[in-house]
Amino acid sequence: MIDEKSEFDEPVADEPKIEDEGNHLSAVEKKEAAKSLSDQSLSAFIHQYTKKIEEVNTIVVEGRLTRMIGMTLEAVGCSVNIGERCQIETNTGRLEDAEVVGFSEDKIYLMPIGSIHGLGPGARVIPCGRAAEIPVGNALLGRVLDGQGLPIDGKGAIHCASTRPLAAETVNPLNRRPVIQPLDVGVRSINSVLTVGRGQRMGLMAGSGVGKSVLLGMMTRFTEAEIIVVGLIGERGREVKEFIEQILGESGLGRAVVVAVPADNSPLMRIQGAMAATTIAEYFRDQGKDVLLLMDSLTRFCQAQREVALAIGEPPATKGYPPSVFARLPQLVERAGNGGNNQGSITAFYTVLAEGDDQQDPIVDASRAILDGHIVLSRELADSGHYPAIDIEGSVSRVINQITSESHRDAIGQLKHLYSSYQQNKDLITVGAYQKGSDRLIDDAIDSMPRIRSFLCQNLNEKVDMTDSIDELQQMMTQ
């Protein structure tokens, strides 16, 4: 018989000999030295073969594509878990990434991340054995990425030392610091009347074409936050370059990271774009930075999740939205906020598209319930040339009592009281049916409205810091 030599049967280096120059070592000392050398050899032996065991590749069980309907891919033969990545071989040999989104008995449902062209029956499905992750580091600053963390700005590759999974663990709410410090966003009406705190999550509720992106751009350029992360999710591709060059600007981009996933990307890519922006913001927060996270829009994230859920057979529940949409929404939003004692904060603004200006839209209503406040943009104000078109009556900051002084809150209350009185009697005042002197409060509201409107308006390129905003408000209310 021929003895087969295993790859593990390599000779181990001879044990080093004990040098006894001049016979100065006693018998006990020689015994201890021999024992020490024996331990070293054993340690080297174990390390050598442990390393070889780690290098042995595990067996990857491939599957094959059996069915494709719309964007849903059905495969059999592979053992994978929900959220894991797979690669599918096209007819040209190109490998396309996909993610496991469901299963039924021996069938696996996948959703492609990129193109589906070239996929056919029987195509190889190769499990990657890992979930989606994204590179993180300071090298991301000033760059524009897609939902997988790959650069799309033509500035070359991004070299980051570490990566993070897109699906983060649930945050223990008791480990978060409370919201007790205001954040200056450079917009007078928000700083003064709807003061935002560090670590607060705010919704920007608006219909289409009323200035959501412009307001986001103002906050991006004027905020005192150290890092800005912008997620452009499911919007028009034309707006991406416009936002970066015209609204964000070169100075704003220098301390920002932009994740852009336009509407023509797959629904899974849009979902991962929102998660990628949040993951990047979490990384900088964990480094002790104060981060401003701007996501446009949360509605597109929910619509992408709806597309995925309906494609794998989940039944619709609320106005066409499956239950998983309302489960994923808080999972994304709750990742923002303050960190622990040695960490920074993520102050987040999520735009929420109110379809048909309906403030009772399911996504608007669900977002309003889980966020720490909301800013409503009015089409009526936008049509009249009032920018930013913030509806003071319909907007609220839920942490304002913790981050403002008593005198500041008194001034806010006076302004809202006058503004609301005027709005309630606006029709009578406009047609001339109200007689001056009939009601003192309405008279004060009519006299104050020109100053209030001027105060709430702000030029696109004008920055008003927190101190000046509050001083102007208090001075106006004492006149």
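**Reading a predicted model**

Mentor: In helix α13, the buried residues are I442, D443, A445, S448, M449, I452, F455 and L456. Keep in mind that this is a predicted model.

Trainee: How should I read the spacing of buried positions in a helix?
Mentor: An α-helix has 3.6 residues a turn, so residues three or four places apart point the same way. Now go back to α13: I442, A445, M449 and I452 are among its buried residues.

Trainee: What covers the buried residues of α13?
Mentor: The cover includes four helices: α2 (188-193), α11 (406-424), α12 (426-431) and α14 (466-478).

Trainee: How many residues does α13 have, and what is its reach from first C-alpha to last?
Mentor: α13 spans residues 440-456, which makes 17 residues. The reach is 23 Å, close to the 24 Å expected at 1.5 Å a residue.

Trainee: Where does α13 bend?
Mentor: Look at S448, where the bend is about 45 degrees. A proline, P450, follows within four residues. S448 is also one of the buried residues of the helix.

Trainee: Which residue caps the N-terminal end of α13?
Mentor: D439 does. One of its side-chain oxygens sits 2.8 Å from the backbone nitrogen of L441.

Trainee: Let us turn to a glycine. Is G273 buried or exposed?
Mentor: Buried means under 20% relative accessible area. G273 has 0%, so it counts as buried. Its place is in helix α5 (residues 267-286).

Trainee: Which residues does G273 contact, beyond its neighbours within four places in sequence?
Mentor: G147, I233, V259 and V261. Take V261: it is 12 residues from G273 along the chain, and their C-alpha atoms are 6.1 Å apart.

Trainee: Next, cysteines. What is a disulfide in general?
Mentor: A disulfide is a covalent bond between the sulfur atoms of two cysteines. This structure holds 0 disulfides. C78, for one, is in no disulfide, and the nearest cysteine sulfur, that of C86, is 5.4 Å away. The cut-off for a disulfide is a pair of sulfur atoms within 2.5 Å.

Trainee: How accessible are C78 and C457?
Mentor: C78 has a relative accessible area of 11%, so it is buried. C457 stands at 25%, so it counts as partly exposed.

Trainee: How do I read backbone angles?
Mentor: Most residues other than glycine have a negative phi, and most peptide bonds are trans. Now look for the exceptions. E105 is not a glycine, yet its phi is positive, about 55 degrees. K319, also a residue other than glycine, has a positive phi near 50 degrees.

Trainee: Where is E105, and is it buried or exposed?
Mentor: E105 is in the loop between β4 (95-104) and β5 (107-112). Its relative accessible area is 78%, so it is exposed.

Trainee: And what surrounds K319?
Mentor: K319 lies in the loop between α6 and α7 (323-333). It is exposed, at 61% relative accessible area. Not counting residues up to four places away in sequence, K319 touches R306, D358, Q360 and P362. D361 is 42 residues from K319 in sequence, with 8.9 Å between their C-alpha atoms.

Trainee: Which residues do the cis peptide bonds join?
Mentor: One joins D296 and S297, with omega at about 10 degrees. S297 is in the loop between β13 (290-296) and α6 (298-311). Another joins Y387 and P388, with omega at about -10 degrees. P388 sits in the loop between α9 (379-383) and β17 (396-397).

Trainee: Here is one more loop residue. Is N342 buried or exposed?
Mentor: N342 is exposed, at 73% relative accessible area. Its loop runs between β14 (337-338) and β15 (345-353). N342 and G288 are 54 residues apart in sequence, but 6.5 Å apart from C-alpha to C-alpha.

Trainee: Finally, the whole protein. How many helices and strands does it have?
Mentor: It has 14 helices and 17 strands. Of its 479 residues, 48% are buried. Among contacts with a separation of 6 or more, 71% are between residues 24 or more positions apart. The accessible surface is about 24000 Å², and carbon and sulfur atoms account for 50% of it.

Terms used
Residues are numbered from 1 along each chain as its sequence is written. This is a predicted model: local features need pLDDT of at least 70, side-chain atom pairs count only at pLDDT 80 or more; totals for chains, interfaces and linings use all residues. Side-chain values use heavy atoms; hydrogens and water are left out. Helices (H or I, at least four residues) and strands (E, at least two) are DSSP runs, numbered from the N terminus. Buried means under 20% relative accessible area, exposed over 50%, partly exposed in between (1.4 Å probe, protein chains only). Contact means heavy atoms within 4.5 Å. The expected span of a helix is 1.5 Å times one less than its number of residues. The bend at a residue is the angle between axes fitted to the seven residues ending there and the seven starting there. A polar contact is a pair of N or O atoms within 3.5 Å; within protein, one must be able to donate a hydrogen and the other to accept it, and residues adjacent in sequence count only if both atoms are side-chain atoms. Accessible areas come from the Shrake-Rupley method with a 1.4 Å probe; for residues, only the protein chains shown count as cover.
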